[in-house]
Amino acid sequence: MHCDNQGAIALAKDNKFHSCTKHIDLWYHFIREAIEDKKIEIEYVPTEENIADIFTKALARPRFKGFVEKLGLKDFKRI
Amino acid sequence: MDTNAQYSIEQCPTTPNQLARMTGVLFSKVIGSVLWPAVVSRLDIVFGVGVLSQFVQNPGPIHWEALKRVIVYLNTTKGLWLIFGGNSEVLVEGYCDADWASQKHRHSISGYTFYLGQGVILWSLKNQHIIALSSTEAEYIAETHVTKEALWLQGFIDEVRGPRDVPI
């Protein structure tokens with residue numbers, strides 16, 4: 001699994017308690033369990049390459065087009 | 001969608017005059033017809049449709065204009081097909097992201113997508129239930145959201161091709 005936020009990755013991998021993250025609902029620490037059981041692996045990916053970006057914000061045309069290509073949406077006339 | 005555009009409930013019509021201007025606009029019908037491609041194969045319009053479908057009950061002119069833009073985009077790119085497959089080893093890979101409070105209601109949006117080989121097989125966009133206080137928290141919540149889906153997907157794929165001990 002790829003994510004573009006180093007802080008969130010560190011939190012997911014590290015089972016220690018930090019007072020700054022006290023407010024995060026216990027339920028959301030479910031990911032730590034999954035990583036501990038080696039069911040998922042989490043890796044960093046730079047924002048420019050994170051394809052899930054297309055689902056969370058309106059992107060400018062060049063980046064949008066690049067992502068559309070990467071997602072496997074291709075013009076069938078050119079295949 | 002316009003990169004700088006903000007869509008919020010304040011833009012919805014309230015006075016009788018404004019409401020009269022929006023009568024006869026088939027907003028919900030059009031949303032319904034663009035939702036279908038967004039769910040089935042056109043994952044590039046998921047964000048636009050997801051944001052605009054929040055205003056189905058009482059759409060304003062600005063929402064209608066944005067929706068028309070989505071339709072124009074669909075019309076100009078109707079040749080796009082979602083291609084599955086690829087030559088590389090078939091692995092499941094997930095990508096997740098969250099915007100932090102980009103919308104006026106301040107609920108972050110989490111989005112994710114899963115690849116099987118080089119083809120996309122799953123995607124989702126969702127408003128988070130709680131208001132994240134930092135971008136890290138928003139991403140963390142998004143990660144949890146993906147984990148749930150990843151565990152289900154792993155179970156499904158193991159069932160289809162036999163269990164393997166490769167984490168997603």
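Buried residues account for 33% of the 168 residues in chain B. Keep in mind as you look around that this is a predicted model. Chain B is in contact with chain A, with 46 residues of chain B meeting 40 residues of chain A.

**Layout of chain B**
- Five helices and four strands make up the list of elements in chain B, and along the sequence they follow the pattern α-α-α-α-β-β-β-β-α.
- Taken along the principal axes, the C-alpha atoms of chain B fill a box of roughly 65 × 40 × 25 Å.
- Of the contacts in chain B with a separation of 6 or more, 61% are between residues 24 or more positions apart.

**Where chain B touches chain A**
- Helix 3 (46-52), strand 1 (80-82), strand 2 (92-99), strand 3 (109-116), strand 4 (119-127) and helix 5 of chain B each give two or more residues to this side.
- Helix 5 of chain B provides the largest share, 13 residues.
- By type, this side of chain B divides into 26 nonpolar, 13 polar and seven charged residues.
- Strand 1 of chain B also runs antiparallel to strand 3 (residues 73-75) of chain A, and three bridges join them.
- Within strand 1 of chain B, B:L82 stands opposite A:L73.

**The nonpolar core**
- The largest nonpolar core holds 52 residues, and those with the most contacts inside it are A:M1, A:A12, B:V46, B:V49, B:L52 and B:C96.
- Helix 5 (residues 135-161) of chain B gives this core its largest share, six residues.
- Have a look at B:C96: leaving aside neighbours within four places in sequence, its contacts include A:M1, A:C3 and A:A52 from chain A, and B:Y112, B:A142 and B:V146 from chain B.

Technical notes: Residues numbered from 1 in each chain as written. Chains lettered and ligands numbered in written order. Predicted model: local features only at pLDDT ≥ 70, side-chain atom pairs only at ≥ 80, totals over all residues. Core = buried A, V, L, I, M, F, W, Y, C linked by C-beta atoms within 7 Å. Buried ≥ 20, exposed ≤ 12 C-beta atoms within 10 Å, placed from the backbone. Contact = placed C-beta atoms within 7 Å. Nonpolar A, V, L, I, M, F, W, Y, C, P; charged D, E, K, R; others polar. Pairing = 2+ DSSP bridges.
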